[in-house]
Amino acid sequence: MIGISLLAMLLRCWDLSAIAVEHFDEGVYASNLWFTADEGYRYPDRHLYAPPLLPTLIEWSLLIFGQASWVPALPSLVAGICTIPLIWWMGRKLGGPLCGLSAAILLATNDVHILYSRTALTEAVLCFFMLLSVSLAHCTCLEQNAEARFSKRSIMLALLSGLMAGLAWLTKYNGWLSLAVIISGSTGWALFSRLPLRQWKWLILHWLLIVGVAFFLWLPYMISLDEFGGYSAVAANHRQYFGGLGEWLPALQWQIFNQYELSSWTSIAGLLCVGFLTWNRSALVRIIPAINTKMISPSGCWLLASWCIGLSVAIPLYHAYPRLVVPWWIGICLLGGLMAAKLPVVQASSLSNLQTEKQTGWKPVLPYFGFIILSLLTLSGPIMQAPAWENRTELKSIAEKDVQRAGVIAQLAGFRENEVIFYVYGEPAIFYHISAQNRLVGPIGHLDFALPAARNTKVPTFLITGPHAEESSLFHEQWEKLGNEFELIKTEQAPSSRFVQLNNEKVIQQSEPDSYRLYQLKSL
C-alpha cells in the first residue's frame, strides 16, 4: 500500500511547474488573499460558486508556502493523495485486502482524479471528505449487534462521519450527497436484512447524529448567506445548469466523451495492474496471507450501490461539466476493487499455485517483475503530457507580459513601473496572476470606470479582456459607447488546456486559441 501511495504521489506531483491557475473557478477560489475586509476577503459573488472551505485552505497555503504557481492546487494535491490510502481502507472493510488494493490502484492511476488533484478546484477535497464520511458511516453500521446496544465507539464514529459530511458540504454545495448516500444505502441494507425494530431505532439514532453534526457545521454559513440574498440566490444560480430529464441522455453522451478525452494509458495501465494482481493472487499470499479472504460487507455493498447508482442517475441531469464525474469515479474504483476480489479465478489460481510449487530460481518472481513493468507503464501519461499533465501556465505568462508592458509604459510617462492600475473583465485567473505580482487590480463586469465622471487618477490605467468579455452582451453594448476611450496595446493568443475547453459541451475538437487584449485608458 505504501508503494501505491508513493505512485499516486508521483503521478499527482509530476512537474509541478506546469500547474497554474487557469480555470475561471480557480481564479475565484484562489483570490481571497487580494481582497480587504470591506470586500469580505473574497472574490465578488464567490458564494455563487462554492462555500468558503477550499478558498480558505488556498489562502492559508499561499500565506504559508508562498506564491509559486502550483501552491493554489496544494489542498487538492494533499486531498487527492490522501484519498488513495482512504479508499484502500474502505475497500478492505468492504471486500477484503484484494478489494482494497485494487480500488487503491484504480484510483491512484485514474487520469480524471489525477487531473483534478492538480487544480485549485473543489473536486479532490470534496471526494476526500465524502469518502471519509461514508467510510466512517460504514464502520458505524459494522458496530451494530443483535442487542442494538449503544457504544462509545459507534457514537464517536457517527459524530466523525457527520463532521466529515459537514466539511464536504462546506467544500461544495452538493457535499450533502454524502448524507444521501449514507441514509439511502443503510436504509436498503436494513430493509433487505430485515432488521428488528430495536436495531432500526439504533440505526435511526445514529442517522440523527450524523445529519445533526453535518447540519450544525453547515448552518452558520447558510445564515451568513442572508446578506447576499440567502441560499435561494445560490439555488437560482445553480438552476441555470440543470437540464432535467429531457437533457439526461445528451448530457450522459457528453460526459462519456469528456472522460474519454481526459483519459490516457495511465488509467489503462492501472486496470492492467489490477487484472495482473487478480490473476496472480496466489503469488501475493506470500506477502499478504489474507489476500484470499472471502469476506464481504452487506452494509458496505449497499452504501456503494447507493453511491454508484445515485450519481449515475444524478450527474447527467446537469450541464456536462467534466468535473461532476470525479466523485462517481470514487464509487466505480471501489466497485472495480470488489469485482476484482470476487471474480471466479479458481482455475487460474490453481494453475498458478501448481506452478509456484514447482518453480525454482528466478521464475517465482516473474509476477513481481510483471507488476513493476505495468506500474512503470502508468508513467506514460505524464511523459506524453496527457490532459492531466498538460502545461496550464499560458494565462500566467500573459499576465506577466501585461505587467511588464504596463510597467514600461508607466516609466515612459514618468511613473514608477508599479504605479499602474489594472481592470480585468471577467477573467478571474488573469486577475489572480496580476495580483500575485503585487499590482493594483480590480475584477470588473462593466466598463463604468472609463466614464469621465468616474476618473479620479492620472496613474496609467489598463483594461484586460478575454473570451468572457467576448461572450458578454453588456461588454459589447458598453464598448460601442466607450471603446474610443481605450487604446489597444497588444493582443495575445493562448490555447486553453483540454479540461478547460471541455467545459463547453460543444467543443469536440481542439478549439482555436483565445484572444487576450491589453488596452490603456486614454487620458482626458
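Me: Starting with Glu143: what is its relative accessible area, and how does it count?
Reply: In this predicted model, Glu143 has a relative accessible area of 24%, so it is partly exposed.

Me: Which residue does Glu143 form a salt bridge with?
Reply: Its partner is Arg153, and the closest N and O atoms of the two are 2.8 Å apart.

Me: How many salt bridges does a search of the whole structure find?
Reply: The search finds 14 salt bridges. As background, side chains of opposite charge can pair when their charged atoms come close.

Me: Which residue meets Glu261 in a salt bridge?
Reply: The side chain of Glu261 meets that of Arg498, with an N to O distance of 2.8 Å. Glu261 belongs to helix 12 and Arg498 to helix 24, and the two are 237 residues apart, so this pair links distant parts of the chain.

Me: Are those two buried or partly exposed?
Reply: Glu261 is partly exposed, with a relative accessible area of 22%. Arg498 counts as buried, at 3% relative accessibility. The cut-off explains this: buried means under 20%.

Me: What about Lys490, which residue does it meet?
Reply: Lys490 meets Asp402 in a salt bridge, at 2.8 Å from N to O. Lys490 lies in strand 4 and Asp402 in helix 20 (residues 394–412), so the pair ties together parts that are 88 residues apart in sequence.

Me: Buried or exposed, that pair?
Reply: Lys490 counts as buried at 14% relative accessibility, and Asp402 counts as buried at 2%.

Me: Which residues are linked in a network of salt bridges?
Reply: Asp25, Glu123, Lys172 and Arg323 are linked in such a network.

Me: Back to helix 12. How far apart are its end C-alpha atoms?
Reply: They are 21 Å apart. Helix 12 covers residues 248–262, and its 15 residues should span 21 Å at 1.5 Å a residue, so the two values agree.

Me: Which of its residues are buried, and what do they pack against?
Reply: The buried residues of helix 12 are Ala251, Gln255, Phe257, Asn258, Gln259 and Leu262. They pack against helix 6 (111–117), helix 16 (326–342) and helix 24 (498–501).

Me: How far does helix 3 reach, and what comes just after it?
Reply: Helix 3 has 13 residues and reaches 18 Å from its first C-alpha to its last, close to the 18 Å expected at 1.5 Å a residue. Just after helix 3, Gly66 takes a positive phi of about 90°.

Me: Changing topic to the sheet: what is the order of its strands?
Reply: Five strands form an open sheet in the order 2-1-3-5-4, with mixed pairing. Strand 2 (440–444) and strand 4 (486–494) are the edge strands, each pairing on one side only. From one strand to the next, the twist averages 20°.

Me: Which strands does helix 21 touch?
Reply: Helix 21 (residues 428–435) packs on the sheet and touches strand 1, strand 2, strand 3 and strand 5 (514–521). Its direction makes about 170° with that of strand 2.

Me: How many bridges join strand 1 to strand 3?
Reply: Four bridges join strand 1 (residues 421–425) to strand 3 (residues 461–465), and the two strands run parallel. Phe422 stands opposite Phe462 in strand 3.

Me: And in which sense do strand 1 and strand 2 pair?
Reply: Strand 1 and strand 2 pair in the parallel sense, over five bridges. The bridge partner of Val424 in strand 2 is Pro443. From strand 1 the chain crosses through helix 21 to strand 2, and this β-α-β crossover is right-handed.

Me: Last one: where does Ser5 lie, and is it buried or exposed?
Reply: Ser5 lies in helix 1 (residues 2–13). Ser5 counts as buried, at 17% relative accessibility. Leaving aside residues up to four places away in sequence, Ser5 touches Ile84 and Pro85.

How values were computed
Residues numbered from 1 in each chain as written. Predicted model: local features only at pLDDT ≥ 70, side-chain atom pairs only at ≥ 80, totals over all residues. Heavy atoms only, no water. Pairing = 2+ DSSP bridges. Axes fitted to C-alpha atoms, helices over the stretch in contact; angles between N-to-C directions. Contact = heavy atoms within 4.5 Å. Right-handed = clockwise from strand over helix to strand, strands pointing away. Expected span 1.5 Å × (residues − 1). Buried < 20%, exposed > 50% of the residue type's maximum accessible area, 1.4 Å probe, protein only. Salt bridge = Lys/Arg side-chain N within 4 Å of Asp/Glu carboxyl O.
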